[in-house]
Amino acid sequence: MRSVLISGAGIAGPALAYWLGRAGFRPTVVEVASGPRTGGGAVDFRGAHLTVLERMGVLDDLHRVQTGGSPMRFVDAHGRRLMELPADFAGGELEVLRGDLGRILYEHSAPWAGYRFDDSVTALAQTPDGVEVGFASGERAVFDLVVGADGVRSAVRRLAWGPHERYLRHQGYYVATWAVPGFAGLGRTSLLYNEPGRMASVGGDHRDPARAGAFVAFASPELDYDRRDTARQREFIAGALAGMGWHTPRLLAALPDATDLYFDAICRIDVTPWSQGRIALLGDAACGATIGGMGAGNAIVGAYVLAGELAAAGGEHTVAFGRYERLLRGYAQRGQQGGQNTGRFLAPRRAWAARLRNSLLNRPYFRNLMLREADDRTTALHLPDYPELREARRPDPV
């Protein structure tokens with residue numbers, strides 16, 4: 001059966017490796033990190049996402065580590081409540097930490113796939129019979145198919161489709177998270193404070209009441225920096241939030257010593273088509289939206305559909321890749337639409353816009369309307385049932 005190289009061991013990559021391995025393909029996952037990724041914030045699932053997770057057999061494991069969701073309470077500079085959203089507003093029907101999700105997907109996929117950590121794809125050359133792949137380690141190998149499941153700055157997409165700038169759309173905001181010691185007693189509630197164009201928040205850790213994490217967002221044009229330069233990222237964050245009230249100075253005081261800093265732009269990816277010859281894109285690499293675009297759920301659904309179409313077509317990629325994109329493109333784009341407004345929702349650029357948001361969402365009608373819109377984006381899909389994925393085949397050696 002055909003060999004498939006999957007670039008990226010986040011969410012989409014291990015999910016695809018699981019399904020392909022069960023269907024008798026020979027998947028190999030290459031990941032630049034030294035092991036399964038352990039960090040990251042919470043991700044949520046609704047509708048069709050849960051159907052696929054149940055078919056994967058991981059739903060019980062995820063329920064055991066679920067966060068229970070986090071109510072979002074917007075406050076003023078004195079801590080007085082302005083507006084509050086229930087836990088399921090951001091947490092969906094099931095919310096888990098990204099690190100827990102990655103670990104569970106890795107554990108379920110490892111028996112069906114080979115993993116190459118501390119390595120990455122550096123060169124791709126298609127031939128009539130396969131894809132010649134060069135790795136950062138210096139090795140070279142040939143695979144029947146290659147799938148880029150390596151995020152919004154996909155190395156596979158850059159090599160096969162061209163520079164990131166052609167496909168990445170900056171949405172006008174940056175976000176960051178890091179651990180903050182000494183904030184006990186928050187429970188699961190997240191407190192959020194706004195000033196025009198910026199937001200600072202702190203939320204409790206559902207597993208350890210003594211721990212908390214900062215989450216900030218600020219409006220900004222696109223910044224030019226080395227993504228590996230965390231010192232420069234800290235400078236951007238401190239500068240953007242300088243002079244901000246509430247607990248912001250306390251959050252910033254923890255920033256220099258934070259070892260788990262996450263910093264990135266709110267962005268979206270628009271690529272047409274999702275495949276070129278023997279190479280395809282999956283998840284955020286094809287249709288990402290950094291925050292609020294249901295990227296984790298779309299990755300889970302996309303992995304299932306891509307594997308199902310490849311299995312149904314007997315590995316004939318020219319048929320399977322087209323069917324996969326036709327089934328999922330509209331669904332994924334509806335998810336992306338939610339991400340387009342995330343920055344403006346979290347950190348409105350005008351004080352009156354924040355007041356209007358708070359006023360509307362204090363009313364049950366508008367709050368429920370937003371919840372229904374989020375649910376509708378995850379249910380507007382006829383999810384195929386692939387017989388080829390129901391019965392596991394013994395995987396070939398990888």
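User: Which residues line the largest cavity?

Analyst: Bear in mind that this is a predicted model. The lining of the largest cavity is made up of Trp274, Leu282, Gly283, Cys287, Asn298, Ala299, Val301, Gly302, Tyr324, Leu328, Tyr331 and Ala332.

User: Thanks! Which helices each supply at least two residues of that lining?

Analyst: Those are H10 and helix H11 (317-340).

User: And how does the lining of the largest cavity divide by class?

Analyst: There are 9 nonpolar and 3 polar residues in the lining, and no charged ones.

User: What volume does the largest cavity have, and how many cavities of 30 Å³ or more are there?

Analyst: The largest cavity comes to about 70 Å³. The count is 3 cavities of 30 Å³ or more.

User: Back to H10 for a moment. At what angle does H10 pack with H1?

Analyst: Helix H1 (residues 12-22) and helix H10 (residues 295-312) pack at about 30°, and their axes are 8 Å apart. Angles under 35 degrees count as roughly parallel, so H1 is roughly parallel to H10. Their crossing is right-handed.

User: Which residues make that contact?

Analyst: From H1 you have Ala12, Ala15, Leu16, Trp19 and Leu20. H10 brings Ala299, Ile300, Ala303, Tyr304, Leu306, Ala307 and Leu310. By class, the contact has 12 nonpolar residues, no polar and no charged.

User: Nice. Now the pockets: what lines the second largest pocket?

Analyst: Its lining consists of Arg153, His164, Glu165, Leu168, His170, Tyr174, Glu222, Leu223, Asp224, Tyr225, Arg227 and Ala265. The second largest pocket has a volume of about 300 Å³.

User: Which strand gives the largest share of that lining?

Analyst: That is strand S12 (residues 168-181), with 3 residues. As for classes, the lining of the second largest pocket has 5 nonpolar, 2 polar and 5 charged residues.

User: Last topic, the backbone. Is the peptide bond from Thr272 to Pro273 cis or trans?

Analyst: The bond from Thr272 to Pro273 is cis, and omega is near -10°. You can find Pro273 in the loop between strand S16 (262-269) and strand S17 (275-276). Most peptide bonds are trans.

User: And Asp118, is its phi positive or negative?

Analyst: Phi of Asp118 is positive, near 55°, in a residue other than glycine. Most residues other than glycine have a negative phi. Asp118 sits in the loop between strand S7 (114-117) and strand S8 (121-127).

Notes: Residues numbered from 1 in each chain as written. Predicted model: local features only at pLDDT ≥ 70, side-chain atom pairs only at ≥ 80, totals over all residues. Heavy atoms only, no water. Axes fitted to C-alpha atoms, helices over the stretch in contact; angles between N-to-C directions. Helix = DSSP H or I, 4+ residues; strand = E, 2+ residues; numbered from the N terminus. Parallel < 35°, antiparallel > 145°, perpendicular 65-115°, else oblique. Left-handed = near helix turned anticlockwise from the far one by under 90°. Contact = heavy atoms within 4.5 Å. Nonpolar A, V, L, I, M, F, W, Y, C, P; charged D, E, K, R; others polar. 1 Å grid on protein atoms, 1.4 Å probe; cavity = no way out; pocket = protein on both sides within 12 Å on 5 of 7 lines; lining within 4 Å. Points joined across faces, edges and corners; volume = space filled by probe spheres on them.
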